[in-house]
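Q: I am new to this kind of model. Could you walk me through how to read it?

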Amino acid sequence: MGPNLISNYSEAAAMILFVIGFSNLLLQQNLIKKIIGLNVMDSAVYLFLTLKGYIRGRVAPIITDGVQSVESYVNPIPAGLVLTGIVVSVSVSALMLSLTVQLYKRFHTLNLDEISTRLRREEQ
Amino acid sequence: MDFIRNFPFFSIMLSMFSGIVTSMLPKRAAKWLNAVMISVVSVLSLILMIYLNRTGGHFIYLMGHFPAPYGNEIRAGVLEAMMAAFFSVIMLLSVLGGHKKLDEEVDEDRHNLYYILVDMMLSSLLALVYTNDLFTAYVFVEINTISACGMIMIRRTGKTYVAAVRYMIMSLVGSGLLLLGISMLYDITGHLLMSDIKRQITLIAASGRYHVPLQVTITLICVGLAIKSALFPFHAWLPDAYGYSTISSAAILSSLVSKGYIFLLIKIIYRVVGYDAFYMTGILNVFFVFGLTGMITGSIRAIRENDIRRMIAYSSIAQVGYIYMGFGLANQIGMEASIFQILAHGATKSLLFIAAIGLTDVSGFSRKFADLTGAGYRNRIAGIGFLVGSLSMVGVPMFSGFISKLLFAEAGILSEGKAIPTLVVLAISVILNAIYFMKTCIRIYTPANYMYYASDNLQFRNELLYGITMIGFIAVNLILGCLSQPFLDMIHAGLGTFS
């Protein structure tokens, strides 16, 4: 396991980032911190995908200097997936932020626990 | 008949484009465009289902005539067509049944937005059902989540905002895991198309390499989808989301959204990983245990609830538990029972939600059981609807719930070593279902002082459209309960083409 971990250190970093983002999204009480966690988590997956799509010594698949050999370029699909993923994650973050704004306007706090308590108090 | 092959593509595009057009229409026109669009999609899907059932095959449709990996693929078999038809029919009934309530609860200027969300939801559900590409599935899972969240928060109250934020957080956790799983699967196999991934996985499994990464990947995908479909113990977001959103949203969320994810999981089990490789991971046993626990806990929470909408919501947790238990039985009948349960629960739960709103509206808008006394007399069609839904949930013959429970019992007996827990928990769960649903039925048919509520808003009483949707729901339930064999044959044939 040790040598593998060292040679794949960038993937390991992506996974550590994923766990950091994931636990922030789940455990933080502050809504903004949750959204930051969400973005860290998504970016970690994109980092992972990008790493998997990159081959050292090759360039993006745009023909330069007439070189047409497949061996000179990387597969464009992982990068395409990352772009699609970024679009998705931006829209989800926007939705979460707009929800946060609405909640803050109504309850004047960003703490989800506090919001639940105030909601319960309103009901009674 | 080649033209019929375009129908899945037409259905998805039709719902997407009607969403775009809706944004420019006046409110009334938006409502009718929405109803017409969902009806057209239902008819197209039904024609496709009948066609595929007759010819007994399935087909791959190349989007834009580009082969993968440049283009995208749609795969349609009889099971997919049946699911698409079912989803669109239930969505039509749910939207029509709750439109009066939408007028009351949602601001005038946001009605078009609601119909856009419904269109977006339908297109994403259809795409999840038909797609043959794993990354497309992920994108539509997110679109589904966004539209579901919008449908919850369209009613602007503090409770719905909190419910929406909780729903979003759990859903995003689920999609994060799903995305990571898909990325790792792409890394291991080098493909995104379901059939290509399966071919590679078979080779990898035969070579004995990558055992651990494959196991981790499959686990990530399963946990992600289980969170999104509210399998116990990931159900915490569910009661508020179903309980406080506007009624059409609650009906659509409970009967369609979670089922879309479960159908995607079925596709992943059969068409991406392959049943044998999936069986080897042992996740089916985990599903079995969580399914059984969910069946009991969901029902117990429902019994303790004093709010009719939340009671129905908790019952959903138990019903989702049934579906995962069916997966866990690890035989063909169990899987077929689970798919039938998707249909039975979808038809019944939306009926119960729409009926419940008819009952609460003639009881001074109260959802408490004490106030619902005699509501079945004040709104007869809603009372009958609730009764039919309850009988189906409990598993009385002639209704859809009976068939699925019968199939679960049969699958349980045939499974190795799981027969006793399955039958015992099934029996306990039926008794618990009977306790809370029959309690409600007795309550709504206990005569109360009618005059007490005479001043209340009785608009649903004479509402023709509401009555028609109730009759539609009851008909779907009776058709599934009394004429189940053709559906079971189609499920069997569809699963056969999956593997």
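**One serine, then the interface**

A: Let's begin with Ser89(A), which sits in helix H4 of chain A, residues 77-107; helices are DSSP runs of H or I with at least four residues, numbered from the N terminus. This is a predicted model, where local features need pLDDT of at least 70, side-chain atom pairs count only at pLDDT 80 or more, and totals for chains, interfaces and linings use all residues. Residues are numbered from 1 along each chain as its sequence is written, chains are lettered from A and ligands numbered from 1 in the order in which they are written, and side-chain values use heavy atoms, leaving out hydrogens and water.

Q: Is Ser89(A) buried or exposed?

A: Buried means under 20% relative accessible area, with a 1.4 Å probe and protein chains only. Ser89(A) has 7%, so it is buried.

Q: Which residues does Ser89(A) touch?

A: Contact means heavy atoms within 4.5 Å. Leaving aside residues up to four places away in sequence, Ser89(A) touches Asn39(A), Asp42(A) and Tyr46(A).

Q: How many residues does each chain bring to the contact?

A: Chain A brings 35 residues and chain B brings 31 residues.

Q: Which residues form the salt bridge between the chains?

A: A salt bridge is a side-chain nitrogen of Lys or Arg within 4 Å of a carboxyl oxygen of Asp or Glu. Here Lys52(A) pairs with Asp187(B), their closest N and O atoms being 3.7 Å apart. The count between chain A and chain B is one salt bridge.

Q: Which helix gives the largest share of chain A's side?

A: H4(A) does, with 15 residues of the side that touches chain B.

How values were computed: Helices (H or I, at least four residues) and strands (E, at least two) are DSSP runs, numbered from the N terminus. Buried means under 20% relative accessible area, exposed over 50%, partly exposed in between (1.4 Å probe, protein chains only).
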